[in-house]
Amino acid sequence: MHSRFKSAWSQLPEKLQVALRPIIDTPDFQAMLSAEQVNQIKADCGYSDSELAFLLLPFAAAYAVTPISHFNVGAIARGVSGNIYFGANMEFSGVAIAQTIHAEQCAVTHAWLKGEKQLASITVNYTPCGHCRQFMNELRGGGKIEVHLPERQPATLHDYLPDSFGPSDLEITTLLMDTVDHGYSTPSRNRLLCAAIEAANQSHAPYSQSHSGIALQLKDGSLFTGRYAENAAFNPSLPPLQAALIMINLAGKDMHSIEQAVLVEKQDAIVKQWCITENTLQALGCQQKEVNYLD
C-alpha cells in the first residue's frame with residue numbers, strides 16, 4: 001500500500017479494509033474502482049453508493065498536492081457506468097495560482113480521460129466553490145448530478161447552481177464527455193506527437209474551436225496525455241497540461257519526473273496554450289518541451 005494512504009486506512013471500518021486491501025495493494029492502482037469492484041464491495045460490506053463514497057473520500061484527498069494552501073480536498077465522481085473515480089486539488093509552486101486544479105475538476109477530468117460518458121454523482125469533503133459548480137455544468141445532465149457533502153442531505157447541481165449559464169445559452173449541444181473526433185491526422189511516427197494529436201482530436205473546445213492536446217513522457221518511459229476542456233463561462237476551462245498532470249498524479253507518478261513534453265494546437269487558434277504550458281513545465285523541471293501545430 002502506498003504510504004499516502006496510511007492515515008486514510010486507519011479510519012476505515014475493518015470490513016471495508018478486508019474488501020479494499022486486494023485492490024489498493026496492487027502496484028498499478030490508479031485511483032479508481034470499476035463497477036464490478038464497487039458492486040462486490042457493496043455486497044460484502046452492505047454499503048450504499050453514497051456511504052461507500054464518503055468512506056473513500058480520505059483516499060481521494062490523499063492525492064492532494066497543496067504546497068500553497070496546505071488544504072486538502074478530495075472528490076469521488078461516480079459514473080453512470082458504476083465506476084468511481086478519485087480526484088483531489090493540485091497546486092503548483094512558481095506559477096500563477098490560476099493553474100491550480102480543483103478536486104471536482106480533477107475527478108471529472110479523471111472520469112473523462114478514462115472513457116466515462118456521464119456522471120451520476122459527485123461526493124466532496126467540502127462545499128464545491130462556484131468555479132467547480134460551473135465546471136460541472138458543462139456535463140450532460142449536469143444540473144441533475146447529485147452532490148453529496150458530509151452532514152448534508154443530497155442535492156442536485158441545479159440546487160447549488162440555480163439560474164445557471166451554460167452551453168445551452170450559447171446553443172452548444174456537444175458537451176464535455178461526449179464522444180468527438182476533430183479529424184486531425186497523425187502522419188508522424190513520433191510517439192509523443194501522435195499521442196498529443198490524438199488527445200487534441202478528443203478535446204472539448206466548442207466555444208473557441210481552439211483544439212489542443214499534450215503528451216508527456218516521464219523518466220521511466222511512461223506516457224500520459226491530456227486534452228483541453230473548455231467551459232461556457234471560460235475561466236473554469238482546464239488546459240491540456242493540467243489534464244495530463246491529473247493522470248500522472250493519480251497513477252502514483254511524480255510530476256517532477258517529466259522528461260519530454262509535446263503540445264499541439266492550431267497555429268491560428270484564438271485561445272493559445274503554449275505560454276502557460278511552457279511556464280508550468282519549466283516550474284516542474286521539464287527541459288525538453290515543444291509545440292507543434294495541427295493540420
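The numbered points below describe a predicted model of one protein chain, going from the whole fold to single residues.

1. Overall dimensions. For a chain of 295 residues, a compact globule would have a radius of gyration near 19 Å, and because the protein chain has 19 Å, the two agree. Along its principal axes, the C-alpha trace of the protein chain spans about 55 × 45 × 35 Å. The secondary structure comes to 10 helices and 10 strands, and these elements give the reader the names used in the points that follow.

2. Burial, contacts and surface. Of the 295 residues in the protein chain, 54% are buried. When contacts between residues at least 6 apart in sequence are considered, 64% of them join residues at least 24 apart. The protein chain exposes about 12,900 Å², and carbon and sulfur atoms supply 48% of that area. As for charge, there are 20 positive and 29 negative side chains, with the centres of the two sets lying 4 Å apart.

3. The six-stranded sheet. An open sheet is formed by 6 strands in the order S1-S3-S2-S4-S5-S6, and its pairing is mixed. At its edges are strand S1 (32-33) and strand S6 (155-156), each of which pairs on one side only. Strand S5 (residues 146-148) pairs with S6 in the antiparallel sense over 2 bridges, and Val147 has Ala155 of S6 as its bridge partner.

4. Is strand S7 (residues 212-218) buried or exposed? All 7 of its 7 residues are buried, so the strand is largely enclosed by the rest of the structure. In a regular strand the side chains alternate between the two faces of the sheet. In S7, Ser212, Ile214, Leu216 and Leu218 point one way while Gly213, Ala215 and Gln217 point the other way, and all are buried.

5. The partners of S7. With strand S9 (residues 258-265), S7 pairs in the antiparallel sense over 7 bridges, and Ser212 has Glu265 in S9 as its bridge partner. With strand S8 (residues 223-227), S7 again pairs in the antiparallel sense, here over 5 bridges, one of which can be followed from Gly213 to its bridge partner Arg227 in S8. S7 and S8 form a hairpin with 4 residues between them, and Gly221 in the turn has a positive phi of about 90°.

6. Helix H9. All 11 of the 11 residues of helix H9 (residues 240-250) are buried, so this helix is largely enclosed by the rest of the structure. Its buried residues include Pro240, Leu241, Gln242, Asn249 and Leu250. The cover over the buried residues of H9 includes strand S3 (84-88), helix H5 (103-113), S7, S8, S9 and helix H10 (274-283). Just after H9, Gly252 takes a positive phi of about 80°.

7. Helix H8. Helix H8 (residues 191-201) is mostly covered, with 8 of its 11 residues buried. Among them are Leu192, Leu193, Ile197 and Asn201, and what covers the buried residues of H8 includes S7, S8, S9 and strand S10 (288-293).

8. Two backbone angles worth checking. Most residues other than glycine have a negative phi, and most peptide bonds are trans. Ala31 has a positive phi of about 65° although it is not a glycine, and its place is in the loop between helix H2 (14-24) and S1. His70, which is not a glycine either, has a positive phi of about 55° and lies in the loop between helix H4 (49-61) and strand S2 (74-79). What is the relative accessible area of Ala31? Ala31 has a value of 0% and is buried, whereas His70, at 63% relative accessibility, counts as exposed.

9. Asp178. This residue is found in the loop between helix H7 (157-160) and H8. Asp178 and Gln118 are 60 residues apart in sequence, yet their C-alpha atoms are 8.2 Å apart in space. Once neighbours within four places in sequence are left aside, Asp178 is in contact with Arg140 and Thr173.

Terms used
Residues numbered from 1 in each chain as written. Predicted model: local features only at pLDDT ≥ 70, side-chain atom pairs only at ≥ 80, totals over all residues. Heavy atoms only, no water. Rg over C-alpha atoms; globule rule 2.2 N^0.38 Å. Buried < 20%, exposed > 50% of the residue type's maximum accessible area, 1.4 Å probe, protein only. Contact = heavy atoms within 4.5 Å. Areas by Shrake-Rupley, 256 points an atom, 1.4 Å probe, with all protein chains shown as cover. Lys, Arg positive; Asp, Glu negative; His and termini not counted. Charge placed at Lys NZ, Arg CZ, Asp CG, Glu CD. Pairing = 2+ DSSP bridges.
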